[in-house]
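Thank you all for coming. I would like to walk you slowly through one model this morning, so please keep the picture in view while I talk.

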Amino acid sequence: MGVCTTLHTAAAAPPCHLRGFYQHKQQVLFYRNTAYTPRCGRAHSAGLAVRCSGAAGETVVIGLAADSGCGKSTFMRRLTSVFGGAAEPPRGGNPDSNTLISDTTTVICLDDYHSLDRTGRKEKGVTALDPRANDFDLMYEQVKAIKEGKAVDKPIYNHVTGLLDQPELIKPPKILVIEGLHPMFDQRVRDLLDFSIYLDISNEVKFAWKIQRDMAERGHSLESIKASIEARKPDFDAYIDPQKQYADAVIEVLPTQLIPDDNEGKVLRVRLIMKEGVKNFAPVYLFDEGSTISWIPCGRKLTCSYPGIKFTYGPDTYYDHEVSVLEMDGQFDRLDELIYVESHLSNLSAKFYGEVTQQMLKHSDFPGSNNGTGLFQTIVGLKIRDLYEQIVAEGASSPLKATTTKA
Amino acid sequence: MATSFFSPLSFPSVLTPPCQRSGLAGFHRDTMRIRREAAAGRTLTVRAMGGPKYMGTHTREKKLAEMIEEKVNDAKEVCEGDATSDECKVAWDEVEEISQAKADLRRKLMVEKLDPLESFCSDNPETEECRIYED
């Protein structure tokens, strides 16, 4: 049972329903206007208050392309944190589900759209990176349906068993994030995305991260890790890498240039490549938009330890598109470095001064919290929030216009 | 071949998050060592903090570790013949998939401190999988 808090727009009071109940015998639905499909976050644990979307708009869909696994979780956790709340697997469902749900956001792993399970791929001789192993028709159908406000039965690909499990029900959230290897591969799916991000990790950094991940495992050695990356590289370069050109924002992670020759892989150089002319997205800039800046914040006002921090900003072209590139090389050691840097960046879409710093501090235990990866992931999170709010505002204003002209 | 990678000597302490740079890195290493020793049959004297709560998750973790070893060996065998063949690619792709699955599970248990079977086991506490795992 529950009570709906309704937000009245001139069009109609949005209906609500209690999401958490759908799997059990009873479904309790409170509808005000059956023309709208309900779109709500999780019911609060008190069981009484239900938060509903007041927008007559559609679900906002974000695409995130990244290699290796879903729950490119650091990014996801930062993103869901910007919106508030923690993302968790669906309660009471398949424990091997790859889906994450928070109050506002649902994150879907695109591995769920594998058309071939592990045995099937072995038989056909295709890797998971190969488009032949994925059902793009189903992906398109379902993402489209969710965007239009309809719930779907999405398959589950079980990474442990390598099998396709029974589907799980996905209700349309306010924000849908599709994450995986091929969010921008299929043209039709691309056209559904309101914003897309590509996480581009350079070979050296990828190698370093995989060593970090795998060396403790029995069975793995430097050679096996290297061999695994090498073997996957042709398919990766052929099918995954080209998606970069379609992304609205690319986060490129490279080894640092601040430490000559020797690089333990600790310090990173991270570039945020932002496409110009994207609807509802204003690129972040340093000092003077459209000009070329090179900035070392460490000096008289701010002391940094070796190797310090270096920023650059400037316009560029990327795969024939106009882009703005903001780059950070080095790492933050102290809070005041972070706030200092934040105070000099513009178009952050922060709601208050210091919001970026606050978000970074909130998750200071996450990897990348002291360098550009954390910083740019946080900034992209704020940008997505801004984009979402703009889309919602657009959606809310049009029904109002319709009624006034009628009168 | 891997000519684009920098030498193995230059990346040991890679990209550890701030919290792991000091004591916590040691703790993580110790936890992994304890697990390896336990798996090798030696007695466990310390119960590591974090880690699987339910039997089912422990079994799954063990299984994934075994699979990694197995699949790495398979891949090495398959690739001996022709390192550019489809079979070789697929074999290493499987290794990657399992390695990532194991890493995801480890992260869930160690960092998020959430056993994936939590919600299933709160509804079905009597099943074998939901027995509380004790070392």
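This is a predicted model: local features need pLDDT of at least 70, side-chain atom pairs count only at pLDDT 80 or more; totals for chains, interfaces and linings use all residues.

Let me begin with a question: of the 407 residues of chain A, what percentage count as buried? The answer is 56%, where buried means under 20% relative accessible area, exposed means over 50%, and partly exposed is what falls in between, with a 1.4 Å probe and protein chains only. Residues are numbered from 1 along each chain as its sequence is written, chains are lettered from A and ligands numbered from 1 in the order in which they are written, and side-chain values use heavy atoms, with hydrogens and water left out.

Now to the make-up of chain A. Chain A has nine helices and 18 strands, where helices (H or I, at least four residues) and strands (E, at least two) are DSSP runs numbered from the N terminus. If we take contacts, meaning heavy atoms within 4.5 Å, between residues of chain A at least 6 apart in sequence, then 65% of them join residues at least 24 apart.

For chain B, UniProt lists residues 64–135 as "domain: CP12", in an unreviewed entry; positions are given in the numbering used here, feature names are shortened, and annotations may be inferred rather than shown by experiment. Over that stretch of chain B the chain is 68% helix and 0% strand, and the C-alpha atoms at its ends are 18 Å apart.

Let us turn to helix α6 of chain A, residues 222–240, which has a kink of about 40° at A:Lys233, shortly before the proline A:Pro234; the bend at a residue is the angle between axes fitted to the seven residues ending there and the seven starting there. The buried residues of this helix include A:Ser224, A:Ile225, A:Ser228, A:Ile229 and A:Arg232. As a reminder, an α-helix has 3.6 residues a turn, so residues three or four places apart point the same way. What do the buried residues of α6(A) pack against? In chain A they pack against β11 (195–201) and α5 (203–214), and in chain B against α2 (55–81) and α3 (86–110).

That brings me to the charged pairs. A search of the whole structure finds 39 salt bridges over all chains, a salt bridge being a side-chain nitrogen of Lys or Arg within 4 Å of a carboxyl oxygen of Asp or Glu. One of them crosses between the chains: the side chains of B:Arg106 and A:Glu217 meet at 2.5 Å, N to O, with B:Arg106 in helix α3 of chain B and A:Glu217 in the loop between α5 and α6 of chain A. B:Arg106 is buried, and so is A:Glu217. There is also a network of salt bridges whose members include A:Arg232, A:Lys206, B:Asp93 and B:Glu96.

Within chain A, A:Lys244 forms a salt bridge with A:Asp200, the closest N and O atoms being 3.3 Å apart. A:Lys244 lies in the loop between α6 and β12 (249–255) and A:Asp200 in strand β11, so this pair ties together parts that are 44 residues apart in sequence, and both residues are buried. The side chains of A:Asp112 and A:Lys154 likewise meet in a salt bridge, at 2.4 Å from N to O.

I will finish with some backbone details. Most residues other than glycine have a negative phi, and most peptide bonds are trans. Against that background, a cis peptide bond joins A:Tyr306 and A:Pro307, with omega about 0°, and A:Pro307 sits in the loop between β15 (293–295) and β16 (309–318) of chain A. Phi of A:Asp320 is near 70°, a positive value, and this residue is found in the loop between β16 and β17 (321–330). Is A:Asp320 buried or exposed? A:Asp320 is exposed, because its relative accessible area is 79%.
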